[in-house]
Amino acid sequence: LHIMGFSSLYFFKKNEQWKSYNLLRTGMLYYWLVCPVVILAITGSPSFVFFIYFEPAVAMTYFLAFINIGLHAYIDFDENGKHLWAVNSSAVIDGDDDYFGEDDHLAHHYSTNTYFKDLKTYRAKKMEDFKTMHASIFQKFSILEHSLFLLLKDWDKLAEHFVDVTGKLSKEEIISLLKARAVRKEMSYYEYEFKWLPALKKNHWMN
């Protein structure tokens, strides 16, 4: 329902964001109804519409949701309650399927203009921050494996691939760190639904 747009449509309606609601509803109408009908009229093939138009969207829903577990698995805060930026996004270095820096999700979010060939230089510049925060940096596996190990709660495997840039943590300390960060919540659902969202609306951040 999320990838189809219904959850966002519900969110916009519930929070009375009518401009966004109407825009999304129009887009959904075209994507899920008008375009398929036009393609069917042109090709005359329901199987073409399904396998070429609908099936990739469904497949990517599961794939993107799965890899995002590994890309954003951890949460930690500083003494002021602010997010540790080098923790809430993960980076994998020396992975088998990392051709253009796509496994470095830290740089993806926090250094968006860094060319993939310059990622090593970027990491070197940020090394002191990485050490201070015990950054979410892993090596020699894929984002898919990262997500899988998390779902299986295979902390031992995750610790083996974790890059301790300080060189001071034991394997047991790494496991404890990853466990704590993986289960930590920024807020409860109650706080999100009844405090955070109303505060956003009150301050017009969502209009």
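A salt bridge, as the term is used in these legends, is a side-chain nitrogen of Lys or Arg within 4 Å of a carboxyl oxygen of Asp or Glu. The structure is a predicted model, in which local features need pLDDT of at least 70 and side-chain atom pairs count only at pLDDT 80 or more, while totals for chains, interfaces and linings use all residues. Residues are numbered from 1 along each chain as its sequence is written, and side-chain values use heavy atoms, with hydrogens and water left out.

**View 1. Arg123 and Asp104 form a salt bridge.** The closest N and O atoms of this pair are 3.1 Å apart. Arg123 lies in helix α5 (residues 119-125) and Asp104 in the loop between β1 (91-93) and α4, so the pair ties together parts that are 19 residues apart in sequence. Helices (H or I, at least four residues) and strands (E, at least two) are DSSP runs, numbered from the N terminus. Both Arg123 and Asp104 are buried, where buried means under 20% relative accessible area, exposed means over 50%, and partly exposed lies in between (1.4 Å probe, protein chains only).

**View 2. Lys171 forms salt bridges with Asp156 and with Glu160.** Between Asp156 and Lys171 the closest N and O atoms are 2.8 Å apart. Asp156 belongs to helix α8 (residues 155-161) and Lys171 to helix α9 (residues 171-183), so this pair ties together parts that are 15 residues apart in sequence. Asp156 is partly exposed, with a relative accessible area of 36%, and Lys171 is also partly exposed, at 32%. The side chains of Lys171 and Glu160 meet at 3.5 Å, N to O, and this pair links helix α9 with helix α8 across eleven residues. Glu160, at 44% relative accessibility, counts as partly exposed.

**View 3. Asp76, Arg181 and Arg184 are linked in a network of salt bridges.** Side chains of opposite charge can pair when their charged atoms come close.

**View 4. Helix α3 (residues 46-71) has a kink at Glu55.** This helix has 26 residues and reaches 36 Å from its first C-alpha to its last, close to the 38 Å expected at 1.5 Å a residue, a span calculated as 1.5 Å times one less than the number of residues. The kink at Glu55 is about 40° and lies shortly before the proline Pro56; the bend at a residue is the angle between axes fitted to the seven residues ending there and the seven starting there. Pro56 itself counts as partly exposed, at 31% relative accessibility. Leaving aside its neighbours within four places in sequence, Pro56 is in contact with Phe50 and Phe51, contact meaning heavy atoms within 4.5 Å.

**View 5. The largest pocket is lined by 13 residues.** Of these, Asp98, Phe116, Leu119, Lys120 and Arg123 lie nearest its centre. On a 1 Å grid over the protein atoms alone, a pocket is an open set of points where a 1.4 Å probe fits, with protein on both sides within 12 Å along at least five of seven lines, and lining residues have an atom within 4 Å of a point. About 240 Å³ of space lies in the largest pocket, a volume being the space filled by probe spheres set on the points, which are joined across faces, edges and corners. β1 and α5 each supply at least two residues of the lining, and α5 gives the most, with three residues.
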